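Student: I would like to learn how to read this model. Where do we begin?
Tutor: With the structure itself.

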Amino acid sequence: MTRRADRLLPVVLLALCFVPVLSGTLRLVQLAGGPEIMPADDRFLDWPMALVVHIVGSAVFAVGCVFQLVPTIRRRHPDWHRRAGRVLAVAGLMVAGSALWLTLFYDPQPGTGPLLLVLRLVVAPAMAGCLVVGVAAARRRDFRAHRAWMIRGYALALGAGTQVFTLGFGEAVLGHGELRGDLLRVAAWVINLAVAEWAIRRPARRRTSRARRVPAEVVSP
Ligand code: HEM
């Protein structure tokens, strides 16, 4: 990855996380009895535990993984990458597990339809699967597979961030509707997976001289 792309990557990823992490924080403030900055959602009032787990896990996972994915940070701080990776894998499984819990046991978000429900039932286990396979690959020191599966898992999670844009721009152009909204949300996962596959297959064109000095097992291909 070039130095410019290396600098741009965290900015783009943090921009994608920004809205869902902010809205999650505001929701937690509201559930804790703080001011109602966003509209109340009766679905979570009786038993908000799944949402609390989801919001805390997703904030840790979404922001923490940005620093795992930036090549220069990974290469310079391999011990940090390993230690943080364990915490982030647990946070990621919390996101996927709570997403499944929210989808199966809470009323669906008003204005959304069966397509989104079914896709969430596919995406949440798929995300968990990517993380499990990715961690297993790291344990057997197959860092190429580790990198690929962690990127895929993160891309699925970050669908929540891309949905802000697909819904925002899509509904502004196409208008509102249950199926349209579901399709625009699904489009976010498709876009993220396409970008992930491109990033995984993209040949590493330029490596820093520092990267060449670091032992092969801590440098992803
Ligand atoms: C790291 C990525 C993610 C972030 C930052 C995130 C963030 C959030 C936030 C802030 C909420 C609360 C919304 C509210 O207060 O109304 C929420 C709800 C929810 N999320 Fe996520 N999420 C992520 C990943 C996912 C994934 C991958 C799935 C499904 C496969 C998912 C499924 C859900 C569901 C079902 C709800 C319940 C509310 C609803 O029905 O829309 N989330 N998420």
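Tutor: First, a term. Ala, Val, Leu, Ile, Met, Phe, Trp, Tyr, Cys and Pro count as nonpolar, Asp, Glu, Lys and Arg as charged, and the others, Gly among them, as polar. Keep in mind that this is a predicted model.

Student: How do the residues of the shell around the ligand divide by class?
Tutor: The shell has 16 nonpolar, 7 polar and 3 charged residues. In total, 26 residues surround the ligand. The closest are Gly24, Ser58, Ala99, Gln109 and Ala160.

Student: Which helices each supply at least two residues of that shell?
Tutor: They are α1 (3-31), α2 (49-69), α4 (78-105), α5 (114-139), α6 (143-157) and α7 (159-174).

Student: Let us take one residue. Is Ala137 buried, exposed or partly exposed?
Tutor: Count C-beta atoms. A residue is buried with 20 or more others within 10 Å, and exposed with 12 or fewer. Ala137 has 18, so Ala137 is partly exposed. Its place is in helix α5.

Student: Which residues is Ala137 in contact with, leaving aside neighbours within four places in sequence?
Tutor: Asp142, Ala145, His146 and Trp149. Look at Trp149: Ala137 and Trp149 are 12 residues apart in sequence, and their C-alpha atoms are 8.6 Å apart in space.

Student: Now helix packing. What describes two packed helices?
Tutor: The angle between their axes and the distance between the axes. The crossing is right-handed.

Student: Which residues make the contact of α7 and α8?
Tutor: From α7, Gly159, Thr162, Gln163, Thr166, Leu167, Gly170, Glu171 and Leu174. From α8, Arg180, Gly181, Leu184, Arg185, Ala187, Ala188, Trp189, Ile191 and Asn192. By class, the contact of α7 with α8 has 7 nonpolar, 7 polar and 3 charged residues.

Student: At what angle do the axes of α6 and α8 cross?
Tutor: At roughly 160 degrees, with the axes coming within 9 Å. Angles over 145 degrees count as roughly antiparallel. Therefore α6 and α8 are roughly antiparallel to each other. Their crossing is right-handed.

Student: Which residues of α6 and α8 make that contact?
Tutor: α6 contributes Ala148, Ile151, Arg152, Ala155 and Leu156. α8 contributes Trp189, Asn192, Leu193, Val195, Ala196, Ala199 and Ile200. The contact of α6 with α8 divides into 10 nonpolar, 1 polar and 1 charged residues.

Methods
Residues numbered from 1 in each chain as written. Predicted model: local features only at pLDDT ≥ 70, side-chain atom pairs only at ≥ 80, totals over all residues. Near = placed C-beta within 6 Å. Helix = DSSP H or I, 4+ residues; strand = E, 2+ residues; numbered from the N terminus. Contact = placed C-beta atoms within 7 Å. Left-handed = near helix turned anticlockwise from the far one by under 90°. Axes fitted to C-alpha atoms, helices over the stretch in contact; angles between N-to-C directions. Parallel < 35°, antiparallel > 145°, perpendicular 65-115°, else oblique.
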